[in-house]
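Please read the following report alongside the sequence and the model. It is written for a reader who wants the geometric criteria stated together with the values.

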Amino acid sequence: QVQLVESGGGLVQAGGSLRLSCAASGSIFSINSMGWYRQAPGKQRELVATITSSGNTNYADSVKGRFTISRDNAKNAVYLQMNSLEPEDTAVYYCNGLIQRSMFFGANYWGQGTQVTVSS
């Protein structure tokens, strides 16, 4: 069994910052890419940022220059530093990981989500 647990969401004023954290635990052989997605009310879930095991990153255009994704491979953790937050960033943020439970079995795992609310 593998679990992803997020923390760090909350309510912040526009222009403020938040840092999200996500830790993977359980039967883990290795972790390939990790990332953050978000889903606003009435909208589909969308990619925010991803990071590979070697540190290559990818960002949605809407967050480039404001958000920074990082990871700590020793802790099986991924982080999202969010600066200059805008009301449009309000959403439930989900952690995602492509995780190998053995050399021969890997799957995509999701956290339970953490609410980020940005007030204007």
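Predicted model: local features only at pLDDT ≥ 70, side-chain atom pairs only at ≥ 80, totals over all residues.

Residues are numbered from 1 along each chain as its sequence is written, and side-chain values use heavy atoms, with hydrogens and water left out.

**Disulfide.** The structure holds one disulfide, a term that stands for a pair of cysteine sulfur atoms within 2.5 Å. Cys 22 is joined to Cys 95 with an S to S distance of 2.0 Å, and the link is left-handed, with -80° about the S-S bond. Because Cys 22 lies in strand β3 (residues 18–26) and Cys 95 in strand β9, the pair ties together parts that are 73 residues apart in sequence; strands here are DSSP runs (E, at least two residues), numbered from the N terminus. Both cysteines, Cys 22 and Cys 95, are buried, where buried means under 20% relative accessible area, exposed over 50% and partly exposed in between, with a 1.4 Å probe and protein chains only.

**Two loop residues.** Asp 89 sits in the loop between β8 (77–82) and β9 (91–100), and it counts as buried because its relative accessibility is 1%. The side chain of Asp 89 reaches the backbone nitrogen of Glu 86 at 2.8 Å. Leaving aside residues up to four places away in sequence, Asp 89 touches Arg 38, Arg 66, Phe 67, Ser 84, Val 116 and Val 118, contact being heavy atoms within 4.5 Å.

Ser 27 belongs to the loop between β3 and β4 (30–39) and, at 34% relative accessibility, counts as partly exposed. With residues up to four places away in sequence again not counted, Ser 27 touches Gln 1, Val 2 and Arg 101. Ser 27 and Ser 102 are 75 residues apart in sequence, yet their C-alpha atoms are 8.4 Å apart in space.

Strands pair if DSSP finds at least two bridges between them. β4 and strand β5 (residues 46–51) run antiparallel and are joined by five bridges, whereas β5 and strand β6 (residues 57–59) pair in the antiparallel sense over three bridges.

| Hairpin | Residues between strands | Bridge partners | Glycine phi |
|---|---|---|---|
| β4 and β5 | six residues | Tyr 37 and Leu 47 | Gly 42, about 75° |

Key. Helix = DSSP H or I, 4+ residues; strand = E, 2+ residues; numbered from the N terminus. Polar contact = N/O pair within 3.5 Å; in protein donor to acceptor, adjacent residues only side chain to side chain.
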